[in-house]
Amino acid sequence: MAVVLSLTKRSFSLLKTGRWLRDFGICRNVSGSIHELQPSFGLLFDIDGVLVRGRNPIPAAVDAFRKLVDHTGKLQVPVVFVTNAGNCLRQARAQELSSLLGLEVSEDQVILSHSPLRMFHPFHKKCVLVSGQGPVEEIARNVGFQHVVTIEALREAFPLLDMVDHSRRPKDMPPVTVNFPTIEAVILFGEPVRWETSLQLIIDVLLSNGKPEVVPSCLPQPHIPIFACNMDLMWMAEAEIPRFGHGIFLVCLESIYKKVTGQELKYEALIGKPSIITYSFAEYLIKQQAQRLGWAGPIRRLYAIGDNPMADIYGANLYNRYLQMGHQDSVQATVHGNMFMGAALSEELPKLSKDWKATCSFTKSCESILVCTGVYGNQGEVPSDPNESITKTVFHGHRDFRFDPSLVEASYIVQDVNEAVDLVFQKEDWLRP
């Protein structure tokens, strides 16, 4: 059947050159046949400092997402929101984004810092101590942990351990707690409210090999496993300057442990941006989303949009290096002492989908786009020499990530997320509906 279209001169030119014709919802492939428009790229959006500042949406974010949806409000390209926040459930964050951006966001489009923990099956049956704020016990159970102890539960069982705040010290000698479970691992979801309590009790658990009621006779080596989610040193809220993030809490914990024991604190895994495993999980969700929408073509390029050079940009560039090297394990050498993370990456991700191995090879690149509305934003304007302005700075990444100046150089720097989307459309010859 012949297809008859009324074309303007410009549209005819675009059709001849094979560019995407969003005006008509079709495109012409190399052979000249016409088929439905399908994206070959996916977008990874950071949230704080890119889409929102605290509880307020950034105006550019609303404008950007108007370009990403069709007239029915449905996304026209696969999108995943990748944040290092971890004080809520994915569904709650999805509902918040839906309200702020004016479109339907599902929990399968949201990756929180702790989301990849669902892949660490060998630890799900162990008794774990969890630190952070928000519904941490519910979060832990949601990602698979079955035996959970909170900092508050530990403090209630052993109130004499928490002695910094005089007003919270017990007035009378508390009864002795018996049959308290041995803690086998520590999960750090995010910065707690009472840092002194969490720091003290976590150190107690590490020094006592998970039995804080027992006076340790020697230093346990190695100490029980620790998983840390969210390594951000700082993040951007409503204040004009960045706020302390979970990375600052980790610095405190590491420093205290070394000061007390003379030994380095070791992590079983560091999760969240810039970890490779987080970007691998994001790639999987992008491809799963595309398949669910019936887009049969492969996703060849990812664009990661963020405001933090030491998390968003470092992570995207590290993952791009991983893709360029053909998923070689040697990229894991960029991170010290994360052997279990490497195992989870190579063994657990393929189990999430039977066609994971068949599709993962199609993605060729992950390009980083830095916006100036968050952590990287004090200069007010896009710098004339962006590489120099980024690399000549103090390294705010985590202790266990080697500082490679090339990894904090963004592929592109733009003013805000709206300009970032325009840039991607330009690179992909993707025209608005």
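Two strands are taken as paired if DSSP finds at least two bridges between them, and strands (E, at least two residues) and helices (H or I, at least four) are DSSP runs numbered from the N terminus. The model is predicted, so that local features need pLDDT of at least 70 and side-chain atom pairs count only at pLDDT 80 or more, whereas totals for chains, interfaces and linings use all residues. Residues are numbered from 1 along each chain as its sequence is written, and side-chain values use heavy atoms, with hydrogens and water left out.

View 1

**View 2. The pairing of strand 11 with strand 14.** Strand 11 (residues 226–229) runs parallel to strand 14 and is joined to it by 3 bridges. Within this pair, Cys-229 stands opposite Ile-271 of strand 14.

**View 3. The largest nonpolar core, with 55 residues.** A nonpolar core is a set of buried (under 20% relative accessible area, 1.4 Å probe, protein chains only) Ala, Val, Leu, Ile, Met, Phe, Trp, Tyr and Cys residues joined through side-chain atoms within 4.5 Å. Leu-129, Leu-154, Val-186 and Ile-202 have the most contacts inside this core, and helix 8 (residues 276–292) gives the most to it, with 8 residues.

**View 4. Surroundings of Leu-154.** Not counting residues up to four places away in sequence, Leu-154 touches (heavy atoms within 4.5 Å) Leu-129, Val-149, Phe-180, Ile-183, Leu-201, Val-205 and Pro-212.

Notes
Buried means under 20% relative accessible area, exposed over 50%, partly exposed in between (1.4 Å probe, protein chains only).
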